[in-house]
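Dear colleague,

Please find the structure below, handed over for your use. My findings follow directly after it.

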Amino acid sequence: MAEATATKATPGAEYKSKISPDWCPGCGDYGVLSALQKAASNCGIQPKDLMVVSGIGCSSNLPGFINSYGFHSLHGRGIAVATGMKLGNPDLNVVATGGDGDGFGIGVGHFIHAMRRNVNITYIVMNNQIYGLTTGQASPTTARLHKTKSTPNGNFEFPFNPEGVALMAGASFVSRGFSGDGAHLAKIMERAIKHKGFSLVVVMSPCVTYNKLNTYAWFRDKVYKLEDEGHDVNNFELAVKKSMEWENRIPLGVFYEADKPVYEEVEPAYEFGSPAKQKLGLKSEDWNVLYDSFR
């Protein structure tokens, strides 16, 4: 009887941090954090086996708000650090998080080459189409003619298309979610984490303080789910076409998924297993000298 009435812990509860997020009330990043906690839990990953890495920005504070290993790195360097983490210990589940300014601005080189290599990590980008942490300047994904603090007469640049660039760079998993639909977003993240190879999840995550154009209501009026239209995730040309769709209808879901060789599988250095678990071959006295040098 006791077994029949026992309640199961809420998915993601084990990932609740003792530190509360300091994002603005209503920030879309709360939905991203909650979805990631649920997704990791549904994947059966223990907190000790999850590494969350970030760059710099409001969204990049996320590793501090989740109960797992974490690393808050430099601006635009989240992918580079996450790659190093994964290559050093392939047994870890590595998730990089960040924002559009961090990942698609200064970090765009790392973004492209990690996808080209197909390193087995997941990259979650909270795309609020603005630099929120520095109070509202135009970012790489800011809409054209959008008036911001740095573009008072309207942004004359054309916005960066992360999903389209990811497809052309060779990413084996490309998707888009919306922080206003946490259940759907968690399912996308779960699928991304389980994917073997580089997986990209771009999350439309409204900045309620500095972006008054791309609001929750603005997105809800335009978004639709690819799976509801029978989208074929194996069709590369169709995925490219969908990545260009934006003005009147905005697709959510998995754009593309492919089975490609993973970097860690073809790199000869892994012939002897995980580097983190290989013996260093040092004598105890040499090890003590080395250890003391870092104390």
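Val174 has Tyr256 of strand S8 as its bridge partner. Strands S5 and S8 pair in the antiparallel sense, over four bridges; two strands count as paired if DSSP finds at least two bridges between them. Helices (H or I, at least four residues) and strands (E, at least two) are DSSP runs, numbered from the N terminus.

The model is predicted, so a word on its basis: local features need pLDDT of at least 70, side-chain atom pairs count only at pLDDT 80 or more, and totals for chains, interfaces and linings use all residues. Residues are numbered from 1 along each chain as its sequence is written, and side-chain values use heavy atoms, with hydrogens and water left out. The average pLDDT (the predictor's confidence in each residue, from 0 to 100) is 94 for the protein, and 97% of the residues score at least 70. Residues 1-6 have a pLDDT below 50, and this stretch has zero contacts in the model beyond near neighbours in sequence; contact means heavy atoms within 4.5 Å.

Six of the six residues of S5 are buried, so the strand is largely enclosed by the rest of the structure. Here buried means under 20% relative accessible area, exposed over 50%, and partly exposed in between (1.4 Å probe, protein chains only). Phe173, Ser175 and Gly177 point one way from S5, while Val174, Arg176 and Phe178 point the other way. On its other pairing, S5 (residues 173-178) runs parallel to S6, joined by six bridges. Val174 stands opposite Leu200 in S6, and Phe178 stands opposite Met204.

Nonpolar cores

A nonpolar core is a set of buried Ala, Val, Leu, Ile, Met, Phe, Trp, Tyr and Cys residues joined through side-chain atoms within 4.5 Å. The largest has 34 residues, and those with the most contacts inside it are Tyr123, Phe198 and Leu200. Strand S8 (residues 250-257) gives the most to this core, with four residues. Leaving aside neighbours within four places in sequence, the contacts of Leu200 include Phe111, Tyr123, Pro162 and Ala166.

Helix H7

The 13 residues of H7 should span 18 Å at 1.5 Å a residue, and its end C-alpha atoms are 18 Å apart, which agrees; the expected span is 1.5 Å times one less than the number of residues. Buried residues of H7 include His184, Leu185, Ile188 and Ile193. The buried residues of this helix pack against helix H2 (29-42), S4, S5, S6, strand S7 (223-225) and S8.

Which residues does Glu190 contact, leaving aside its neighbours within four places in sequence? They are Ala39, Asn42 and Cys43. Glu190, found in H7, is buried, with a relative accessible area of 17%.

Yours sincerely
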